[in-house]
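Open the structure in a viewer and keep the selection tool at hand. Each stop below says what to select and what is found there.

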Amino acid sequence: EKGQKLYPRYELFQKIVEVLRKSGRGVPVFCDKHLSYDRKKGREMVETARKIGFPLMAGSSLPVTWRRPELELPLGVPIREALVASRGELEIFGIHALESLQCMVERRTPGQQGVKSVTCLEGDAVWKAGDTGAWSWDLLENAIGRSASRNVGDIRENCRHFRPATGNLKYVLSPVAFLIEYRDGLQATVLILNGHVDDTTFAARVAGEAKPVSTLFYLPPPPGAAFLEALTVKIEDFLATGRPTYPIERTLLTGGILDVALESRVKGHVRMETPDLDVSYDPPKDSGFLRGDYTSPV
């Protein structure tokens, strides 16, 4: 009813836990994208892994794929506002966009990463929110200035005339905004802009910087879809060492934000208070994204 694919990640996870309990030992477990469509189930999965004592990692390819330019924000960076511009189906690409946002804004602080409220907007309400300052047009321009797919013409017209060719057409919408208020006061926005862009970019206003910082999360296109290589490398390292590239709490938070955003949408685009998204973790010293060029001449 919220536009989610009800993959039984939680149920499969419980089957894995049952085997680990019987065997008396743990092994690394990886879960693709978010932990569950239900944020309560996601939190239970994290708590179970911690209780039994096995390493758990989850997430999407976006945080670890190539970045153009190779933007690595320093730990403790004073971010004042952040924005991600993306595309695609609400849930499937919504998690990609939120992971892209969180892997950048988490670097502002150790500990508390939690979210205070989430609001989902659609259609003209998205543009009105930008016009009234709920999100920044300047940050949007800096973000999509990195886009390799940016459409010509007016963004409002491009989104208004967008018609999806494939996928679950009911949930491939444009424009859509996720407005996110973090507990420390940071304001962040995810914009789904089908018809105007077909990639994912990030921009943020940093104290002391004259211009916003920005980057493109580069995904080598089909037929190879080599962006999967970036995530596969990290999964292999995790399975070999038992050490996740980044904390599982990041994906717990992004999956929770997505669940709340979709709930906000079906409840009439209301602002949702999120006491259950009180998530704390320390960001990794190195973000873990792939450096260098994707292609290497022979």
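This is a predicted model: local features need pLDDT of at least 70, side-chain atom pairs count only at pLDDT 80 or more; totals for chains, interfaces and linings use all residues.

Residues are numbered from 1 along each chain as its sequence is written, and side-chain values use heavy atoms, with hydrogens and water left out.

**Stop 1: helix H5**

Select residues 137–144, which form helix H5. Helices (H or I, at least four residues) and strands (E, at least two) are DSSP runs, numbered from the N terminus. Leu139, Leu140, Ala143 and Ile144 of this helix are buried (buried means under 20% relative accessible area, exposed over 50%, partly exposed in between, with a 1.4 Å probe and protein chains only). Viewed down the axis of H5, these buried residues fall within an arc of 120°, so they line one face of the helix; the arc is that of the directions from the helix axis to the C-beta atoms.

At the start of H5, select serine 136: one of its side-chain oxygens comes to within 3.2 Å of the backbone nitrogen of aspartate 138.

**Stop 2: the largest pocket**

Select Arg87, Phe93, Leu219, Pro220 and Phe227, which lie nearest the centre of the largest pocket among its 24 lining residues. On a 1 Å grid over the protein atoms alone, a pocket is an open set of points with protein on both sides within 12 Å along at least five of seven lines, a cavity is a set where a 1.4 Å probe fits but cannot get out, and lining residues have an atom within 4 Å of a point. The pocket holds about 460 Å³ of space. Grid points are joined across faces, edges and corners, and a volume is the space filled by probe spheres set on the points.

Helix H3 (92–105), strand E9 (213–218) and helix H7 (227–241) each give at least two residues to this lining. Phenylalanine 93 lies in H3 and is partly exposed, at a relative accessible area of 25%.

**Stop 3: the largest cavity**

A search of the whole structure finds 1 cavity of 30 Å³ or more. To see its lining, select His34, Leu35, Ser36, Arg39, Gly42, Thr251, Leu252, Gly255 and Gly256. Helix H2 (39–52) and helix H8 (248–266) are the elements that supply two or more of these residues, and H8 has the largest share, with 4 residues.

**Stop 4: serine 287**

Serine 287 sits in the segment after strand E10 (272–273). Is serine 287 buried or exposed? Serine 287 is buried, with a relative accessible area of 1%. Its side chain makes polar contacts with the side chains of glutamate 72 (2.5 Å) and arginine 107 (3.2 Å). A polar contact is a pair of N or O atoms within 3.5 Å; within protein, one must be able to donate a hydrogen and the other to accept it, and residues adjacent in sequence count only if both atoms are side-chain atoms.

**Stop 5: backbone details**

Most residues other than glycine have a negative phi, and most peptide bonds are trans. Select arginine 68 and proline 69: the peptide bond from the former to the latter is cis, with omega near -5°. Finish at histidine 269, in the loop between H8 and E10, which has a positive phi of about 65° although it is not a glycine.
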